[in-house]
Amino acid sequence: MNVFKKVIFIIRMVFFILQFYGIYLSLNVILQVKIVGYVFLCLYLIYSIKIILEWLSKNDIYKEDLIYNFMQVGMHFYMFILIYRIWREYMVVMTSTMKYFQINYTIMSILLIFILIYSFLELDKRK
């Protein structure tokens, strides 16, 4: 595995670990956007289990897949932007911000679905 792929994988895993704290910080807002928040949390739980199982399997397929790692780094970066906005402004979901978070957590849910589909298809392809 070359150095660039290894660095991207390490960044992805560090972001994944840090994001648990971010999810904890924004849990109040996530739950206030009702069904979109619940769907996001369910998808994030599935995603987290999948990532932990990948990590425990010690399978190098996921470490060397540059597209897969870039997708996750981008998704984590997007999530950190939302978490920063919540944390910096001490967001309380009102009518005006409810739509903002519904749209963003819908986008995050769609990104998680694409990442999960890609990871399942990639694993099937390489077996």
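## Buried or exposed?

A residue is called buried when its relative accessible area is under 20%, exposed when that value is over 50%, and partly exposed in between. Keep these cut-offs in mind as you look around the structure, which is a predicted model.

## Gln19 in helix 1

Let's start with Gln19, which sits in helix 1, the stretch of residues 3-32. Is Gln19 buried or exposed? Its relative accessibility is 0%, so Gln19 counts as buried.

Which residues does Gln19 touch, leaving aside those up to four places away in sequence? They are Tyr44, His76, Met79 and Phe80. With Tyr44 there is also a polar contact, made side chain to side chain at 3.5 Å.

## A walk along helix 2

Tyr44 brings us to helix 2, where it is one of the buried residues. Others on that list include Val36, Gly37, Phe40, Leu43 and Tyr47. The list also holds Lys50 and Glu54.

Helix 2 has 23 residues, and at 1.5 Å a residue it should span 33 Å. Just after helix 2 comes Lys58, which takes a positive phi of about 55°.

## The nonpolar patch

Now turn to the surface. Phe20, Leu45, Ile49, Ile52, Leu53 and Leu56 form a nonpolar patch there, and together they have about 600 Å² of accessible area. Which helix gives the largest share of this patch? Helix 2, residues 35-57, supplies 5 residues.

Take Ile49 as an example from helix 2. Its relative accessible area is 45%, so Ile49 is partly exposed. A residue can join such a patch if its relative accessible area is over 30% and it has no salt bridge.

With a relative accessible area of 49%, Cys42 is partly exposed. Along the chain, Cys42 and Ser109 are 67 residues apart, and their C-alpha atoms are separated by 9.2 Å.

Ile113, in helix 5 (residues 95-126), is 69 residues away from Tyr44 along the chain, with 9.4 Å between their C-alpha atoms. Ile113 is partly exposed, because its relative accessible area is 37%.

Conventions:
Residues are numbered from 1 along each chain as its sequence is written. This is a predicted model: local features need pLDDT of at least 70, side-chain atom pairs count only at pLDDT 80 or more; totals for chains, interfaces and linings use all residues. Side-chain values use heavy atoms; hydrogens and water are left out. Patches are made of residues with over 30% relative accessible area and no salt bridge: like charges are joined within 9 Å, nonpolar side chains (Val, Leu, Ile, Met, Phe, Trp, Tyr) within 5 Å. Accessible areas come from the Shrake-Rupley method with a 1.4 Å probe; for residues, only the protein chains shown count as cover. A salt bridge is a side-chain nitrogen of Lys or Arg within 4 Å of a carboxyl oxygen of Asp or Glu. Helices (H or I, at least four residues) and strands (E, at least two) are DSSP runs, numbered from the N terminus. Buried means under 20% relative accessible area, exposed over 50%, partly exposed in between (1.4 Å probe, protein chains only). A polar contact is a pair of N or O atoms within 3.5 Å; within protein, one must be able to donate a hydrogen and the other to accept it, and residues adjacent in sequence count only if both atoms are side-chain atoms. Contact means heavy atoms within 4.5 Å. The expected span of a helix is 1.5 Å times one less than its number of residues.
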